[in-house]
Amino acid sequence: GILAQQEEDLVHAREFFEAAFSRKPDDLLTIQALGDVLMRQNQWRQSIDLFRKGMEYFPNEPYIVERLGSLLVACPDKNLRNYNEGKDYLERVVTHKNSPTTILISAGRGLAEAYIGLGDKQKAAMYMNYVINLARSSLAPEKLIKDLERKSKELGL
């Protein structure tokens, strides 16, 4: 699966990762790899279902919780969005003491989008400012900081 993924052969990568997942659904690396492939294939419902299943084995794994939360608040398929549920997952990530900075930034950005979707512009602005400041203080790449600032303006914050 990894070799197929590296060669951009997402169809075969997905087949290999799905086979591995069906044999061992509690393997974190398989969940991460399969999730990446599914999202790159725009398989939104399957991505959400995979991360929900992953939560059964890893309920506090920041990566899985963040991916599920972010998909629920910003899924390109608007029919699959659930701002309240996504917000709850993303808040768990932000308050989790072992969340890596990159995941914290993604979760905070998702929270800003969730609160916009829920009509709370004040909390959205608070989270967007939080992630921009976190990105700056952690010396994140300038491109990421610019993307966050652009997203803030796009959300009207």
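Reader: How many residues does helix 5 have, and what distance does helix 5 reach from its first C-alpha to its last?

Author: A helix can be checked by setting its end-to-end distance against the span expected from its number of residues. In this predicted model, helix 5 runs over residues 62-74, has 13 residues and reaches 18 Å from its first C-alpha to its last, close to the 18 Å expected at 1.5 Å a residue.

Reader: Is helix 5 mostly covered or mostly open, and which of its residues are buried?

Author: A residue counts as buried when its relative accessible area is under 20%. Helix 5 is mostly covered, with 12 of its 13 residues buried, and the buried set comprises P62, Y63, I64, V65, E66, R67, L68, G69, S70, L71, L72 and V73. The elements that cover these buried residues include helix 3 (28-40), helix 4 (44-57), helix 6 (83-95) and helix 7 (101-117).

Reader: What can be said about helix 7, and what do its buried residues pack against?

Author: Helix 7 has 17 residues and reaches 24 Å between its first C-alpha and its last, close to the 24 Å expected at 1.5 Å a residue. Among its buried residues are I103, L104, I105, A107 and G108, and the buried residues of helix 7 pack against helix 5, helix 6, helix 8 (121-137) and helix 9 (142-154). Helix 7 is followed by G119, whose phi is positive, near 85°.

Reader: How should I read helix 9, where some residues are buried and others are exposed?

Author: In helix 9, I145, L148, K151 and S152 are buried; because they cover an arc of only 125° around the axis, they lie on the same side of helix 9. On the other side of helix 9, K143, K153 and E154 are exposed, whereas the buried residues of helix 9 pack against helix 7 and helix 8. Helix 9 is followed by G156, whose phi is positive, near 80°.

Reader: Where do residues other than glycine have a positive phi?

Author: One of them is E8, with a phi near 65°, in the loop between helix 1 (2-6) and helix 2. Another is L139, whose phi is near 55° and whose place is in the loop between helix 8 and helix 9. L139 counts as exposed, because its relative accessibility of 74% is over the 50% cut-off.

Reader: Why is Q32 counted as partly exposed?

Author: Q32, whose place is in helix 3, has a relative accessible area of 21%, and therefore falls between the cut-offs of 20% for buried and 50% for exposed. The C-alpha atoms of Q32 and D9 are separated by 17 Å, and these two residues are 23 residues apart along the chain.

Definitions and conventions
Residues are numbered from 1 along each chain as its sequence is written. This is a predicted model: local features need pLDDT of at least 70, side-chain atom pairs count only at pLDDT 80 or more; totals for chains, interfaces and linings use all residues. Side-chain values use heavy atoms; hydrogens and water are left out. Helices (H or I, at least four residues) and strands (E, at least two) are DSSP runs, numbered from the N terminus. Buried means under 20% relative accessible area, exposed over 50%, partly exposed in between (1.4 Å probe, protein chains only). Contact means heavy atoms within 4.5 Å. The arc is that of the directions from the helix axis to the C-beta atoms.
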